[in-house]
Amino acid sequence: MTSSPRGLWWLAGASAALVLAGALVERADLFPRLRFAIQRDGRELASSRAVDPRWVVRGQPLLSIYLPPPVLNDLLAHKMEHGRDWEREADVSYYDDGQLRFAGQAGLRVHGGGSRITSPRQSFRLFFRRKYGQTRLPPGVPFGVRIDPLRRLVVHNDVRRDRDGSMWHLVNPLAYDLARRIGAITPETEPARLLLNGDDQGLYVLTEHFDDEYFQAHLPDHRVSMRAADMERLRDQVDALRPMTLDGLRPLIDMDNLTTWFLGVLFCATRDAYQGPGQFLDESADRGGWFWVTWDLDQSFRDWDLDSFQYLLERVGEEERGRRGSEPRGVILTTLIGEDPAFRAYFEEKFDAMLNHQLTPAFVSERFAHYATVAASFDVESTAYVDRERTFFERRRGFLRGVAEQWLNTPPSVAVHVERVDGGTLTIDGFREATPYSGEYFPGRDVIVSDPDGGSLRWFVNGRFVQEGRELRMRADGPLAIAGTTRGSIETSAPPAPPPSITHGAPQPIAWARIPGGTFQMGCAPRDGTCAPNERPRARATVAPFEMMTKEVTVAQYAAYARGAGQAMPRQPHWNGDAQPVVNLTWVEARAFCASTGGRLPTEAEWEFAARGNGETVYPWGDDYRRERANIIGTTPPVDPWLHTAPVGSFPATAYGLFDMIGNVWEWTADWYREGEGWTVQPSTPPDRSSTAYLKTVRGGSWDNRRENVRISRRVGLSPDGRHNYYVGVRCAR
């Protein structure tokens, strides 16, 4: 009996279909756990056999990795190598709650940047690929939450050693928890013990990696990319946006996300925050597609009094923040805080929500205690850092609010106390809160209180009945004591005491020096090898005789003017005393002060001629920098003991009797900022406010500049409408 040709063709087709189906199932890896169960018993893997049962019965998460010793030794001997060529197959076993949750093979690489050099124990990265048997970890392993697919796992040695030798543990997980609480995008983490070829490596942290798989698992309906060319294009768009505003940026950037990232690293006092992978584009978003993730916060919690605004925002005259030229965060945040009232109001609302409702003392204390307990349970080498963290959380909140007030140029925050007299909860600023509740608010913000169940209450404010209804909205222009009740009348406590007002002493009289005037070559000095393009070409300039203030305007002098003029005093940093130069001035405020003295702002030519003393040197005293002649970045007691601004006149005067012409603070001039041929000549009409040329020139450098940025010819253009915070002051001419 023979088969028909049609039957043979049918049999061949069916066979091919089965082969294809098998290949597709293999490629999809739909049943990795079943496949491993068929192939091998996980308890027989070398990584499982290397585990001492005494570690397992402790019930803690435990990751065991095993490679043949020669392979492991070779990998560690070449720990600085990167890429797939340095990936080695390893056995991997993961235990939790005393049970083997996963066993299989994965590719292993050394992970990290500078930690490859500084850390005695390396971090690793695991890659789950088809050639190793599994293309992903099972959902719920290791983080206890479903993440699918999870194809890469960072095995992070999270111990960090400070310069003083102290060791810090679990900083990243704690910081991620705080940042996630306010809405930042963070990876999942899990503390675990690492065994490497059976050797106990101590406490590590298992962490998700930000890559295509991360967004496939967490944002499956979005197309997320991070192409360098797109990042550079975004930076060009940001630079061209003038004036830069919150509303103008929203079509490009998820500003809620960016602000949340900034708030998280502010609270945690994170150093080295501009790291990658960080910047991503959601190509499926209709608008605001660019966003940032919060990653690698291991340099957090060290110093409760770190001014993170100063640390993270741009410094006038210095290189931009970030590790690449396309990094826009520092420029965006600095510009918006300095120039956009709408962003400042928005930021104040987000900041108040963070401190009052999200990172509450109770929440932060619980997370801090949790990780301190975890560290102790894993037998960490030293727990001395715990006391420093405790002090950080006790003091950071108040300090951070104080510096935020300075950078946002607001009066001191006001206290608000809210109570539901009959007991229960209230919705405050959109958050359901148990009462009594206490918070602090930037002055002028609305406090919105309501019954979460929609009931009507009688509302009392500072002891007075104000209205009846479901919701109360009160402007926090001063301390508030708010009470809601169903009763006819109540006894209420007095409102919290207002913060003490800021007072200033009597100012010293203003002294003027005679500048003879003359003709000189303006711009880069002949023997200056560090000039920027905007200091060239040199140009001949002539100034008539004039007078210039011998010293920069002090805090006390400006405060006396503001009182007399009925104007608000620009908020000064806590370290800036009456005898130090006033900062945080807009160009308009600087010009108005000079007019009140019978003077004006100097032109660029006048300023440079006065600083040169009719010479052609790099600095007012010569071509070589001398640390004892100016206040710049850092301190060198006794010649410069000031960490920030110095009292005016603390350094020797120039030949014309002028003090602090370089260093201490940048000084506003009258001139529009120009570059290229003809830069010393002012335009016939002011530039349009929406153009990138709408800038005024500052000169002289500041206390936070390096020596190459405090040269006589160094010049920077700044928005005349903006506040440039700690770095810009004024000296008048007449």
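## An aromatic pair to start with

Tyr214 is buried, at a relative accessible area of 7%; here buried means under 20% relative accessible area, exposed over 50% and partly exposed in between, using a 1.4 Å probe and protein chains only. Phe215 is buried as well, at 4%. The ring centres of Tyr214 and Phe215 lie 5.1 Å apart with planes at 85°, so this pair counts as edge-to-face. Rings of Phe, Tyr and Trp (its six-membered ring) pair if their centres lie within 6.5 Å, with planes under 30 degrees apart called stacked, over 60 edge-to-face and the rest tilted.

Before going further, please note that this is a predicted model, in which local features need pLDDT of at least 70 and side-chain atom pairs count only at pLDDT 80 or more, while totals for chains, interfaces and linings use all residues. Residues are numbered from 1 along each chain as its sequence is written, and side-chain values use heavy atoms, with hydrogens and water left out.

Across the whole structure, a search finds 39 aromatic pairs. One aromatic cluster includes Phe262, Phe309, Trp407, Trp575, Trp703, Tyr726 and Tyr727.

Two arginines are worth a look too. Arg458 lies over the face of Phe465, 4.1 Å from the ring centre, and the charged end of Arg321 sits over the ring of Tyr311, at 5.9 Å from its centre. The criterion is NZ of Lys or CZ of Arg within 6 Å of the ring centre and within 35 degrees of the ring normal.

## Nonpolar cores

A nonpolar core is a set of buried Ala, Val, Leu, Ile, Met, Phe, Trp, Tyr and Cys residues joined through side-chain atoms within 4.5 Å. The largest one has 104 residues, and Leu178, Ile253, Phe262, Phe267, Phe301 and Phe309 touch the most other members. Helix H16 (residues 385–408) gives the most to this core, namely ten residues. Helices (H or I, at least four residues) and strands (E, at least two) are DSSP runs, numbered from the N terminus.

Leaving aside neighbours within four places in sequence, Leu178 is in contact (heavy atoms within 4.5 Å) with residues including Phe267, Phe301, Leu359 and Phe393. A second, separate core has 27 residues, among them Val92, Tyr94, Ala106 and Val110.

Strands S10, S11 and S12 form an open antiparallel sheet in the order S10-S11-S12. S10 (224–225) and S12 (290–292) stand at the edges with a single partner strand each, so one side of each has no neighbour in the sheet. S10 and S11 (residues 279–282) are joined by two bridges; strands pair if DSSP finds at least two bridges between them. Ser225 stands opposite Leu281 in S11. Helix H9 (residues 228–240) packs on the sheet and touches S10, S11 and S12, its direction making about 105° with that of S12. Axes are lines fitted to C-alpha atoms, for helices over the stretch in contact, and angles run from 0 to 180 degrees between N-to-C directions.

All six residues of strand S21 (residues 480–485) are buried. Leu480, Ile482 and Gly484 point one way, whereas Ala481, Ala483 and Thr485 point the other way.

S21 pairs with strand S13 (residues 414–420) in the parallel sense over five bridges, and Val416 has Leu480 as its bridge partner. Strand S18 (residues 457–461) runs antiparallel to S21, joined by four bridges, with Phe460 opposite Ala483.
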